[in-house]
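Q: I would like a close look at one part of this protein, namely a pair of aromatic side chains and its surroundings. Please set the pair in context with the other ring contacts and with the charged residues.

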Amino acid sequence: MNKREFLLGEPERIITDYNEVLELRDEDGEKSTDRWETEDIEIYNKFYGSEDDEQKAYLLLKSRKDIVCYEYQYEKNISQEIGEWHIYFVDDKVVTMYFP
């Protein structure tokens, strides 16, 4: 068990294929970005800590092809529907995550 799995628990799956990671990020972004920004316009700065750190994370996501995605499942309380959330890592550091 690596450090990420020790801290976060074992994911349903680990995605390392760059094209699959890009596809997941695109889907995640479409589902959550609009909702987050309407709830709190400063949500990204709060998540990353600062606008500078946010820009660094985006640069990593654009420039690196060794992004790793951990996929976890959760059950939505109201609908009993199973959904996924994703945490994206570069060099063992979280660069973004999505909770639909």
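A: The areas themselves come from the Shrake-Rupley method with a 1.4 Å probe, and for residues only the protein chains shown count as cover. The model is a predicted one, in which local features need pLDDT of at least 70 and side-chain atom pairs count only at pLDDT 80 or more, whereas totals for chains, interfaces and linings use all residues. Residues are numbered from 1 along each chain as its sequence is written, and side-chain values use heavy atoms, with hydrogens and water left out.

The ring contacts come first. Six aromatic pairs are present in the structure. A pair requires rings of Phe, Tyr or Trp (the six-membered ring of Trp) with centres within 6.5 Å, and it is stacked if the planes are under 30 degrees apart, edge-to-face if they are over 60, and tilted for the rest. The pair formed by Y48 and Y58 is tilted because the ring centres lie 6.0 Å apart and the planes meet at 55°. Y48 is buried at a relative accessible area of 12%, whereas Y58 is partly exposed at 26%.

The pair in question, Y72 with W85, is stacked: its centres are 4.7 Å apart, with 20° between the planes. Y72 is in strand β2 (residues 68-75) and W85 in strand β3 (residues 82-90), so this contact ties together parts of the chain that are 13 residues apart in sequence. Y72 and W85 also belong to a cluster that ring pairs build together with Y70 and F89.

Side chains of opposite charge can pair when their charged atoms come close. A salt bridge is counted where a side-chain nitrogen of Lys or Arg is within 4 Å of a carboxyl oxygen of Asp or Glu, and the count comes to five. One of them joins K56 to D52, with the closest N and O atoms 3.5 Å apart. K56 and D52 are four residues apart in helix α4, so about one helical turn separates them. Both are partly exposed, K56 at 48% relative accessibility and D52 at 47%.

R64 takes part in two of the contacts described here: with D66, the closest N and O atoms are 2.8 Å apart, and with D91 they are also 2.8 Å apart. The bridge to D91 connects distant parts of the chain, since R64 is in the loop between α4 and β2 and D91 in the loop between β3 and β4 (93-98), 27 residues apart. Salt bridges with shared partners join R13, E20 and E71 into one network. R64 is partly exposed at 22%, as is D66 at 39%.

Most residues other than glycine have a negative phi. D92 is exposed, at 57% relative accessibility.

Helix α2 (residues 18-39) contains E30, which is exposed at 67%. E30 forms a negative surface patch with E23, D26 and E27. Patches use residues with over 30% relative accessible area and no salt bridge, joining like charges within 9 Å and nonpolar side chains (Val, Leu, Ile, Met, Phe, Trp, Tyr) within 5 Å. Lys and Arg count as positive and Asp and Glu as negative, while His and the chain ends are not counted; each charge is placed at NZ of Lys, CZ of Arg, CG of Asp or CD of Glu. N19 is also found in helix α2 and is exposed, with a relative accessible area of 56%. Its C-alpha atom is 9.0 Å from that of K65, 46 residues apart along the chain.

Notes: Buried < 20%, exposed > 50% of the residue type's maximum accessible area, 1.4 Å probe, protein only. Helix = DSSP H or I, 4+ residues; strand = E, 2+ residues; numbered from the N terminus.
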